[in-house]
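This report goes through selected local features of one protein chain. Please keep the sequence and the model at hand while reading.

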Amino acid sequence: MTSTSTPRILFATIAAGGSHVSSAQAMSEAVVKHVPHSDTSVTELMIDLGFEKFDRRHKEGWKRALRNPWSIVWGQALVDRFPYLTVTLQRWFLRGFAKCAAERLKQDRPDLIVVNHAWLTVALTLAQTEYDLDIPILTFETSPINTNGLWADRRAERFMVGSAVSKERLIRFGVLAERIDVVGYPVRRAFLETPPAREARERLGLADRFTVLVALGGEGEGGAPEIVIETLRNLDPSLQVVVIVGRNQALKEVLEDSYSNMPHLHVEGFTDRMATFVAASDVTIAKTGPATVCEILAVGRPIIAPSRYGGDENVLIDILDREGLGHYVPDPRRLADAVQTYRDSSSARAAFARKVEALDFRGMSERVGSYICHYASTRTVDTNVIGRGLPFGR
C-alpha cells in the first residue's frame, strides 16, 4: 500500500465495445465511493505503452465483426471449444506487450491493477509469471452470463464475475473455482442517480411525452435504424423518438436527411449524457451489450432488442425475454406490439419496475467497490461481499 493508507488502483482496459470502458469507469467510481480519497485511474494500457497500431487493428477487427454477427457466434464457439489453445496463442502474440507492461508497471507501482479485457488478463498474467511483475492483478470478466474461452487463463491471479453462471463457465474452461468470486456487475453512478423522466427531458430539450430511445452502441453499428424508425412512425406519429448513433457520423447525416420531416425525431451522435437520455425515455431499443443492458436496467427502463449479434448478446436477449426484463422482437409487428404495451399499460410498467428493483444494481456496485479496496489492501478476499451477483441463469 501507499504511505497515505489509501489504495492506488489502475483500471486497465481496451475500448473495443462499450462494456470494457463503461465497467472500468464504474469500478473506479465504486472504489472512490467506498474510499473517497482513493487514487484511481482508468487507462487504455496498450495505447499508453505505445502499442497503438496493435490496438487499432484489434478495434478495426471488432468493428468488422459487428457488421458480420455470424463471425462472433462462430468465433466464440471456436475459442470455447479450445480454451487452452486460445490462451496459448494469446500469450504468443501478446508477449512483447507483456514484457513492456512489466517494465513500466514496476516503475509506476500501483497497489493493484484491475483489468477487464481478456487480452490484458493474459498479457499481465504473463508479466507476473515470466517477467517478475509483483503487483496484484484482478480480472473483472465483462460478460455477466456467457464467459468465453478467451478469458480462461488458468494462471490468472483472481477473477471477479457478475453471476454464478460466469463462474461455472470459467471452471468448465479450466480455471480453479477458488480463484473466482461472484461479486455482481458494477454500473456507473450516472445511471444509479438519474433524474425523473420529466426533468431529464427538460435538461435535454425534449418534449414531455412518451419517448422511445434507440441506442445503436458506441460505434453506431447496432442494427437497422431505418426499419425501427419507420415502425415507430407507423405505430404513432406523435411518439418522440431519440436515436443515438454513437461515433457513426455518416449514419447521423443519413438519418437527419431522410427524416427531416419527422418533427419528433432527434438524432444524436456520441454523447457523455447517455444516462440522462435513458432516464428521459420510457422504453429503450438497444444493442444488448452487457454494460448497456445493466445500465438501462439500473435506470429502470425495459429493453427491446430487434436484432441478434453473437455470443454474450444472444444469451442476454434470451434471458431478458424470459425474465420479463425486455423483449426480443425480430420483426416490425412484434416491435410495435412491445412498444404499444408499455405505452398503454400502467400495470406492465409497474410489473417491470418491481422486477428491475430486485436486481439491486446499487448494492452490486457498492460490493464491487468494497471487494476491490479490500483486495488492494490485503491481497485477500472480503467474503462478506461475494456470492450475490446477477440472478440470471440459463
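Is W119 buried or exposed? W119 is buried, with a relative accessible area of 15%. That value comes from a predicted model, as do the others below.

## Aromatic pairs

Six aromatic pairs turn up in a search of the whole structure. In one of them, the ring centres of F54 and F93 are 6.1 Å apart and the planes meet at 35°, so this pair is tilted. An angle under 30 degrees would have counted as stacked and one over 60 as edge-to-face. F54 sits in helix 3 (residues 52-67) and F93 in helix 5 (residues 83-108), so the pair links distant parts of the chain, 39 residues apart. F93 is partly exposed, at 31% relative accessible area.

F54 also pairs with W119, again in a tilted arrangement, with 5.5 Å from centre to centre and 50° between the planes. Because F54 belongs to helix 3 and W119 to helix 6 (residues 118-130), this pair ties together parts that lie 65 residues apart in sequence. F54, F93 and W119 make up one aromatic cluster.

## Strands 8 and 9

Strand 8 (residues 240-244) pairs with strand 9 in the parallel sense, over four bridges. Within this pairing, V241 stands opposite L265 of strand 9.

Strand 9 (residues 265-268) has L265 and V267 on a covered face, while H266 and E268 are on an uncovered one.

## Cysteines

How many disulfides does a search of the whole structure find? The search finds zero. C294 is buried because its relative accessible area is 2%, under the 20% cut-off. C100, with a relative accessible area of 22%, is partly exposed.

## The second largest pocket

The second largest pocket holds about 220 Å³ of space. It is lined by 13 residues, and those closest to its centre are L297, A298, V299, V356 and E357.

Which helices each supply at least two residues of this lining? They are helix 8 (189-192), helix 13 (290-299), helix 16 (346-357) and helix 17 (361-378).

Notes
Residues numbered from 1 in each chain as written. Predicted model: local features only at pLDDT ≥ 70, side-chain atom pairs only at ≥ 80, totals over all residues. Heavy atoms only, no water. Phe/Tyr/Trp six-rings, centres within 6.5 Å; stacked < 30°, edge-to-face > 60°. Buried < 20%, exposed > 50% of the residue type's maximum accessible area, 1.4 Å probe, protein only. Pairing = 2+ DSSP bridges. Disulfide = S-S within 2.5 Å. 1 Å grid on protein atoms, 1.4 Å probe; cavity = no way out; pocket = protein on both sides within 12 Å on 5 of 7 lines; lining within 4 Å. Points joined across faces, edges and corners; volume = space filled by probe spheres on them.
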